[in-house]
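Me: I am new to this model and would like a close look at one part of it. Please take me through the surroundings step by step.

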Amino acid sequence: MEFSPFNPVIKLCLQGMSFEEKEMPEEAGSLFLQAWESATDDHEKFLAAHYVARHQKTVADQLQWLETALEFALKINDDTVKSALPALYMNISKCYEDLGDPEKSKKNADLSLFLKNHPSDKGPFYHGTKADLQTGELLTAGGNSNYQSDLKMNHIYFTALANGAGLAAALAKGEGAERVYMVEPTGSFENDPNVTDKKFPGNPTRSYRSEMPLKIIGEVKEWTKPNPEDLQRFREKLEDSKGEIIN
C-alpha cells in the first residue's frame, strides 16, 4: 500500500496536525472527524480513527476510537499498517489501566512488546550510499550520520523502499556516485525510532535499523531520484530540525 500525501483523507489529517501544532485542538478534532466521515476504505478509516481518538475527552471514548482503529488495521495485510500495531496496542493498554482493568491492560501491553520486537517486513531491503561496494561485502554500524556529522551511529540503517534508499544515497556524504544496494540483514532489526510513530502511526517509510551487519546481495540501477529543488528543501528541513537523533 502506497502512502500518499495527496490522498484527501491524509490531507485532512495533515491539516489537523497543523492545528495541533498551533495548539488549536478544537479545530484539529473537527478536521479529524471530517477525515473519518470522508474515509472510504479500511486504511483511511484506520488513520482517521487513530487521530480522532486522541481528541476524546474521556478515557472510555478514547478507548472506543482506538479499538475502532485497531479493527480496521487488522483487516489490512500491509507492513506499513502492521508497524503501527505496537503503539496502538500500547495506547489501548494505557486506557484499560486507567479504567482499572489490569488484565486487559497487560494483554495489550504484551502484544505491543511482542510486535515491536518482531517487525513483519520481509523486504526486499535496500541501503543508499555513495560508497563503491561489491556483492558479498558487509555494511556495519559505526559510520558518521548523514544528518549530524559528528555523531557515530550505533546502528546500520536500511529500508524496504528503493526510492527511500535513493534519497539516502543523495544525502550521503562523499563525492562518489549515488548507489542503491540490495541488502540482507544478518541479525535482528527494529523499526527506525527516528521516523516511526511520529506524525503518522507506524513506519510508513518502512525504515529499519540493526546493530548487526547488512550483507550486500545486489545493486539497483534504476530508482526515482528526487529533483534538485525537493532535495534542497529536504536538506534545509534537516538543517532546521531541532530534534535529536535517536541513536
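What does Gln34 count as, buried, partly exposed or exposed, and at what relative accessibility?

Reply: This is a predicted model, in which local features need pLDDT of at least 70 and side-chain atom pairs count only at pLDDT 80 or more, while totals for chains, interfaces and linings use all residues. Residues are numbered from 1 along each chain as its sequence is written, and side-chain values use heavy atoms, with hydrogens and water left out.

Gln34 counts as partly exposed, because its relative accessibility is 38%; buried means under 20% relative accessible area, exposed means over 50%, and partly exposed lies in between, with a 1.4 Å probe and protein chains only. Gln34 belongs to helix α2, where a helix is a DSSP run of H or I of at least four residues and a strand is a run of E of at least two, numbered from the N terminus.

Helix α2 (residues 25–38) packs with helix α1 (residues 8–21) at an angle of about 170°, and their axes are 8 Å apart; the axes are lines fitted to C-alpha atoms over the stretch in contact, and the angles run from 0 to 180 degrees between N-to-C directions. The two helices, α1 and α2, are therefore roughly antiparallel to each other, a term for angles over 145 degrees, whereas those under 35 count as roughly parallel, 65 to 115 as roughly perpendicular and the rest as oblique. Gln34 takes part in the contact on the α2 side, along with residues including Leu31, Phe32 and Ala35, while α1 contributes Leu12, Gln15 and Phe19 among them; contact here means heavy atoms within 4.5 Å.

By class, the contact of α4 with α6 has 12 nonpolar, 2 polar and 2 charged residues.

Notes: Nonpolar A, V, L, I, M, F, W, Y, C, P; charged D, E, K, R; others polar.
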